[in-house]
Amino acid sequence: MNGFGTFIRDRREELRREDASFSLRKVAERLGIEPSYLSKVEREEVAPPSERTIVNLAEILDQDPDVLLALAGKVSSELVEIIRKRPRLFGEVLRELREAPDQAVLRVVREVRDGEW
Amino acid sequence: MIELQSDSLVFTFPDIHRAAKLHIDFQRTLRIPDDGREYPLPPGLGRFPLRHVDDFGARVPGRWIQHGGVMLPMYQSEALWLNFSSWSDYPFAVKIATGLINAVTGKGWENELQRRPQDYLVVPTQPWLDGYCVKKGIIRQFVAMPLGAGYTVEEQLTDAAEHGGLQIVAYPMKAEAFEDRFGGPAYFARRDALCQLSSLRPAPDMGLAPGGRMRQEIYDDPFPFDEWDTGHRSRCFVHLCNSLTWRAITGSEAPTVPFTSEEYTRLGLPWFEYYVEGVEALEGGDVLAGAKSVKELGEEKGDNPLPENVSVDPTHIVELRKGLKEGQVREGRF
């Protein structure tokens, strides 16, 4: 579907090989969801879960929440709020940086901007 | 390109040379007495905090966004000095202005370098700048005053309170010239201490005005002018805001007010003299020499803008010479 289910199943299985607490049932328990639902999410038979569950899952699986949200086709509500406050500016920034390599993006994030004077 | 790192502006020119890296920070300091006497260099009391204006877009004046750059908090009549370091001895030509008035010549802002009369400093030959160059070997200290009150150099020389703040443009030496000339250790320095609280009145936007007289030379460019890479430059507008505005914009407190010169001297803490041999000092700007100090102008206006302005006699003076080791700080014994 979107790779989210496969990704989290692979990661959970990788951790389970070292630690039994990463079984499907125990991870579902920690997330407060039914094991059958987590199983369907992993097999991509249902849509990815809520933002909150994904963020919790990211913590359990030691993954970046923004990356997991992106795999699930979502953007964190925190980022949405940031863009919503200044939509035009951030729209321009994101379009401008769409093709830029990571290093260039990092540079722009902290560069002191020169203006008109 | 310019980045903010630990309250320091870091100018880098990776396209020119990987060693082309200039650090500039803004040091809190004592305001020296504005009494016509000539004082040695006061200490550094730590860096002013710096923030990107863009990080507070909704809360800063629109013209700050237009200018770009960074901002720092100052109390009225607080002083500052600029601390330059070039970690690899890589030379830079640096122009400094306040309210778009050049601090070396007193002329209006131009991006380009001018050799005669020289309108820029050479780093690392020049490790610090404490004020306006009013005469050979003498500067008048940078002192913050509210923009619009008539004290700033900008207002005195242009009759307008339009820009305020502090402006910087830096040009690196050409890479080939650097490779041909350099490779030795860096020298730079200066001074640390403490602070203490007092209360001062607010103003929305600050500019810099000429304060007391201080012994500091602005050095003549020791390099051939064509060794500067005038095709590459980085500029930064540094906005100054009073402490209340700073708190409203950033949500954090400005640093506390420094010692007065009287308190500092009474405690026997050190003042400084700096010497570089074999380099000529610039004459200073005639226009700047004609600007009135905050105290002089205050008297004309029937105002008392400097409530703490007692003359002092520094007895503990530390002499510094070019050749300080890397990382050595201009500081005294406490």
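**Notebook: helix packing in chain A**

I began with helix α2 (residues 24-31) of chain A and helix α4 (residues 51-60) of chain A, which pack at an angle of about 125° with their axes 10 Å apart. I note at the outset that the model is predicted.

Entry 1, α2(A) against α4(A). I checked the orientation of the pair, and α2(A) and α4(A) are therefore oblique to each other. For the handedness, I recorded that the crossing of α2(A) past α4(A) is right-handed. I then looked up the residues that form this contact. From α2(A) they are V27(A), R30(A) and L31(A), and from α4(A) they are T53(A), N56(A), L57(A) and I60(A). Sorted by class, the residues of this contact comprise four nonpolar, two polar and one charged.

I turned next to helix α3 (residues 35-42) of chain A, which packs with α2(A) at an angle of about 105°, the axes being 8 Å apart. An angle from 65 to 115 degrees counts as roughly perpendicular, and α2(A) and α3(A) are therefore roughly perpendicular to each other. On the α2(A) side I listed L24(A), R25(A), V27(A), A28(A) and L31(A), which meet P35(A), L38(A) and S39(A) of α3(A). The residues of this contact divide into six nonpolar, one polar and one charged.

I also compared the two residue lists.

I counted the secondary structure elements: chain A has eight helices and zero strands. Read from the N terminus, the order is α-α-α-α-α-α-α-α. I then asked how far the chain spreads. Its radius of gyration is 18 Å, well over the 13 Å that the globule rule gives for 117 residues, so chain A is more spread out than a compact globule. Taken along the principal axes, the C-alpha atoms of chain A fill a box of roughly 60 × 25 × 25 Å.

I looked up burial as well, and buried residues make up 13% of the 117 residues in chain A. Among the contacts in chain A with a separation of 6 or more, 42% come from residues 24 or more positions apart.

Technical notes. Residues numbered from 1 in each chain as written. Chains lettered and ligands numbered in written order. Predicted model: local features only at pLDDT ≥ 70, side-chain atom pairs only at ≥ 80, totals over all residues. Axes fitted to C-alpha atoms, helices over the stretch in contact; angles between N-to-C directions. Helix = DSSP H or I, 4+ residues; strand = E, 2+ residues; numbered from the N terminus. Parallel < 35°, antiparallel > 145°, perpendicular 65-115°, else oblique. Left-handed = near helix turned anticlockwise from the far one by under 90°. Contact = placed C-beta atoms within 7 Å. Nonpolar A, V, L, I, M, F, W, Y, C, P; charged D, E, K, R; others polar. Rg over C-alpha atoms; globule rule 2.2 N^0.38 Å. Buried ≥ 20, exposed ≤ 12 C-beta atoms within 10 Å, placed from the backbone.
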